[in-house]
Amino acid sequence: MISLADIQQAQRRLAGVAYHTPLIPFVQPDFDRTVLLKSEQLQPIGSFKLRGAYNRLASLSPDVLAQGVIAYSSGNHAQGVAYSARRLGTTSIIVMPSNAPSIKIEATRAFGGQVVLYDANTERREDVAQQLMEGHHYTLIPPFNDLDVIAGQGTVGLEIFEDYPAVELVLTPVGGGGLISGVAVALKSLNPAVKIIGVEPALANDAQESFRAGKIVELPAAQVNQTVADGVRTLSLGELTFAHIQAYVDDIVTVSEDEIREAMRRMLLDARLVIEPTAALPLAAYLYHRDELPRTQNIVLTLTGGNVERSFLAELLRDLL
């Protein structure tokens, strides 16, 4: 398990690399609560994933780092590793599903990552990465099940508390669980009364099932890959993230695909912010599942990224005409 000190160390490593992103008010006439948006889509790679990836790479010794790194990701962790590797002067190989948004594949290549595509319906990304590692000394940079990665993501929680110590409730998407684990440790360490609620698509609710069953539950890829929220198409939590979630998270709720789309539209029209489907999960929960949330006054929604496929964005806009 990580500690507040681990997250504070990660914050020092990330100084000058990851932005301290703002909390933007989300104002609606029917809202009787303060709702702020933690705008991680403003990071250099368009996602919070830079934090965990860079913290992990920066923790490696120079000799190990020089031999290169490898990662698997649906897109945002891929960009974080590629960006961090280039900044730290090493090479990166990134295993990505062939159905990942092309904008994320292209960006990963632009940041210097050597992209290897695989079929998410027939292959396991861990197996593909393992095959590529044979005969080499690459260091694997996991997308979530790693203490340095979790600590890096936890810096989001530190910034939320620094900017808004009155916060009572934080809603954050859950994929592999690295972000919610780090944020929960940071905030609960600073104020145990803060409620931390995860949000998943109903089609990819492995974390909710695991949280309620008290053991890790894995979902079939054919089901999970149906959600538009590509950033949370993980089949199961990791052992490390599950342990943190059990210890620090208050609940996990789910939202529908239609609710995700509508939350993206509301963010575009009402907040004038472009976000990807995964980042819309917290707003979808707040708009449509408020009765499942704690009755609190001061709320932060974590906007995890803004790397949305252009064609998907055009489709959302066409639906408004």
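Reader: Which residues is Val224 in contact with, leaving aside its neighbours within four places in sequence?

Author: Contact means heavy atoms within 4.5 Å. With those neighbours left aside, Val224 is in contact with Leu203, Ala204, Leu219, Val232, Arg233, Thr234 and Leu235. A caution on the source: this is a predicted model, where local features need pLDDT of at least 70, side-chain atom pairs count only at pLDDT 80 or more, and totals for chains, interfaces and linings use all residues. Residues are numbered from 1 along each chain as its sequence is written, and side-chain values use heavy atoms, with hydrogens and water left out.

Reader: Where does Val224 lie, and is Val224 buried or exposed?

Author: Helices (H or I, at least four residues) and strands (E, at least two) are DSSP runs, numbered from the N terminus. Val224 lies in helix 10, residues 221–224. Buried means under 20% relative accessible area, exposed over 50%, partly exposed in between (1.4 Å probe, protein chains only). Val224 has 0% relative accessibility, so Val224 counts as buried. Take Glu292 as a distance check: Val224 and Glu292 are 68 residues apart in sequence and 23 Å apart in space, C-alpha to C-alpha.

Reader: How do I read two packed helices, say helix 4 and helix 5?

Author: Two packed helices are described by the angle between their axes and the distance between the axes. Axes are lines fitted to C-alpha atoms, for helices over the stretch in contact, and angles run from 0 to 180 degrees between N-to-C directions. Angles under 35 degrees count as roughly parallel, over 145 as roughly antiparallel, 65 to 115 as roughly perpendicular and the rest as oblique. Helix 4 (residues 76–88) and helix 5 (residues 102–110) pack at about 10°, axes 8 Å apart. They are therefore roughly parallel to each other.

Reader: Which residues of helix 4 and helix 5 meet?

Author: From helix 4 come Asn76, Ala78, Gln79, Ala82 and Arg86; from helix 5, Lys104, Ala107, Thr108 and Ala110. For the classes, Ala, Val, Leu, Ile, Met, Phe, Trp, Tyr, Cys and Pro count as nonpolar, Asp, Glu, Lys and Arg as charged, and the others, Gly among them, as polar. The contact of helix 4 with helix 5 has four nonpolar, three polar and two charged residues.

Reader: At what angle do helix 12 and helix 13 cross?

Author: Roughly 100°, and the axes of helix 12 (residues 257–271) and helix 13 (residues 281–288) come within 8 Å. Helix 12 and helix 13 are therefore roughly perpendicular to each other. Helix 12 brings Glu259, Ile260, Glu262, Ala263, Arg266 and Met267 to the contact, and helix 13 brings Leu281, Leu283, Ala284, Leu287 and Tyr288. The residues of this contact divide into eight nonpolar, no polar and three charged.

Reader: Which residues touch the most other members in the largest nonpolar core?

Author: A nonpolar core is a set of buried Ala, Val, Leu, Ile, Met, Phe, Trp, Tyr and Cys residues joined through side-chain atoms within 4.5 Å. The largest has 36 residues, and Leu37, Leu171, Met267 and Leu301 touch the most other members. Elements that give two or more residues to this core include strand 2 (34–39), helix 12, helix 13 and helix 14 (310–318). Apart from this core lies another, of 23 residues, among them Val156, Val174, Leu237 and Val249.

Reader: What joins the side chains of Thr155 and Arg51?

Author: A polar contact is a pair of N or O atoms within 3.5 Å; within protein, one must be able to donate a hydrogen and the other to accept it, and residues adjacent in sequence count only if both atoms are side-chain atoms. The side chains of Thr155 and Arg51 make one at 2.8 Å. Thr155 lies in helix 7 (residues 147–163) and counts as buried, at 1% relative accessibility. Arg51 is also among the buried residues of helix 2. That helix, residues 49–58, is mostly covered, with nine of its 10 residues buried.

Reader: Which backbone nitrogen lies 2.9 Å from a polar atom of the Ser73 side chain?

Author: That of Ala78. Ser73 lies in the loop between strand 3 (69–72) and helix 4. Ser73 is buried, with a relative accessible area of 4%.
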